Amino acid sequence: MINLLDFDLAGLTRYFAEIGEKPFRAKQVLRWMHQMGANDFGQMTDLAKSLRENLMQQAVINAPQVRDELRSADGTVKWLIDTGAGNAVETVFIPEDDRGTLCISSQVGCALACTFCSTGRQGFNRNLSVSEIIGQLWVANKALGHAPKGERIISNVVMMGMGEPLTNFDNVVTALNIMLDDHAYGLSRRRVTVSTSGVVPAMDRLREACPVALAVSLHAPNDQLRDVLVPINQKYPLAELMTACQRYLTAAPRDFITFEYVLLDGVNDSLAQAKQLIALTRDVPCKFNLIPFNPFPDSGYARSKPEAIRRFREVLQEAAYVVTTRKTRGDDIDAACGQLAGKVQDKTKRAQRNAEVVE
Ligand code: SAH
Ligand code: SF4
């Protein structure tokens with residue numbers, strides 16, 4: 001059976017052409033699925049009965065199954081999404097005064113093994129399909145319902161859940177197309193952010209295929225330290241990453257890159273490192289998002305002291321950078337950045353290798 005949630009407008013148009021239907025049917029069906037939350041062809045009353053019957057026989061609209069939904073006292077909601085074979089990923093909704101942000105996962109686990117990241121520690125199982133990526137928005141949209149005045153509850157999407165979006169490139173781009181499509185969610189490019197640890201060639205491909213806002217996980221001001229914290233740096237070192245950021249900005253919907261920087265006590269939070277960071281990023285229009293480290297069991301790292309966070313931020317601000325410090329939300333449901341653990345059966349056997357090293 002074909003799952004129509006796997007298609008963006010181009011794909012759905014192709015599919016309807018193959019079954020001898022008019023292209024405009026694709027727009028209608030996209031609206032039913034994503035704007036009305038329909039998953040039953042019987043509901044699609046403006047389609048000819050023969051088409052509805054035809055679709056019932058050869059297609060489905062299958063969103064991923066929600067295994068659990070947790071609501072925090074501060075309004076944050078976390079869904080545990082079943083991805084089969086005992087695995088799960090997580091999706092988080094974060095309400096704020098002026099927006100509602102959905103944080104979406106792109107992979108079951110992650111192969112890039114950043115040392116301070118709970119997803120990275122678990123290893124990699126597989127890429128999510130398009131329907132599993134866009135299905136997280138579909139599920140959240142349905143669960144959150146409509147605001148009283150009809151405005152959007154989910155106004156922003158960030159690809160900052162589990163996984164490295166740019167190593168699941170094709171599926172992520174198709175899902176982004178659906179987020180942006182006026183026949184589906186109609187989100188503005190400026191309100192959809194892909195976060196990457198710095199997969200340089202894929203940053204260039206994203207600029208060509210679907211330029212949305214870009215966040216880059218920096219976390220260290222020099223190659224020596226970044227090689228350890230973010231191992232993909234060994235392949236795409238900082239000098240290359242900085243020029244890739246400049247290239248990206250030629251097509252980006254915003255005129256800056258957001259650099260994410262997780263603050264690890266005694267590791268990357270000194271004043272000298274803040275100054276080095278300024279020198280490194282001088283030629284890239286950017287804003288900084290400082291993330292106090294969110295601990296998880298046996299991480300081996302600690303969150304920087306509030307005083308160190310404050311001083312680090314001030315050094316950047318004195319150099320005229322715009323800096324935000326991420327507030328920790330959803331503490332009571334473990335929904336913070338880097339804590340999204342889901343459930344990953346590690347195909348790379350990394351967890352096992354790590355255990356052997358510890359013994
Ligand atoms: N793979 C992508 C997106 C997912 S991670 C990336 O690395 O950018 C989203 C953000 O959370 C990244 O900046 C990541 O470095 C950060 N992060 C990971 N583990 C964290 C932790 N334990 N505490 C705080 N931030 C963390
Ligand atoms: Fe993967 Fe991002 Fe975690 Fe690194 S920080 S292991 S790239 S999810």
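The dialogue below turns to the domains, their interface and a ligand shell.

Tutor: Please note at the outset that this model is predicted.

Student: Which residues does the domain assignment give to domain 1 and domain 2?

Tutor: Domain 1 covers 2-60, and domain 2 covers 65-358. Over C-alpha atoms, the centres of the two domains are separated by 33 Å.

Student: How many residues of domain 1 are in contact with domain 2?

Tutor: Contact is counted for heavy atoms within 4.5 Å. Here 15 residues of domain 1 meet 15 residues of domain 2.

Student: What area is buried between domain 1 and domain 2?

Tutor: Buried area is summed over both parts. For this pair the total is about 1,200 Å², with 52% coming from carbon and sulfur atoms. On the side of domain 1, Leu5, Asp8 and His34 lose the most area to domain 2, and together they account for 42% of what that side buries.

Student: How many salt bridges and polar contacts cross the interface of domain 1 and domain 2?

Tutor: The rule finds zero salt bridges, whereas 10 residue pairs are in polar contact, both residues being at pLDDT 80 or more. Helix H2 (residues 24-34) gives the most to the side of domain 1 that touches domain 2, namely five residues. That side comprises six nonpolar, five polar and four charged residues.

Student: Which residues surround ligand 2?

Tutor: The shell consists of Cys110, Leu112, Ala113, Cys114, Cys117, Gly120, Gly163, Glu164 and Ser197. By class, five residues around ligand 2 are nonpolar, three are polar and one is charged.

Terms used. Residues numbered from 1 in each chain as written. Chains lettered and ligands numbered in written order. Predicted model: local features only at pLDDT ≥ 70, side-chain atom pairs only at ≥ 80, totals over all residues. Heavy atoms only, no water. Domains from an automatic or database assignment. Buried area = accessible area lost by both parts, 1.4 Å probe. Salt bridge = Lys/Arg side-chain N within 4 Å of Asp/Glu carboxyl O. Polar contact = N/O pair within 3.5 Å; in protein donor to acceptor, adjacent residues only side chain to side chain. Helix = DSSP H or I, 4+ residues; strand = E, 2+ residues; numbered from the N terminus. Nonpolar A, V, L, I, M, F, W, Y, C, P; charged D, E, K, R; others polar. Near = heavy atom within 4 Å.
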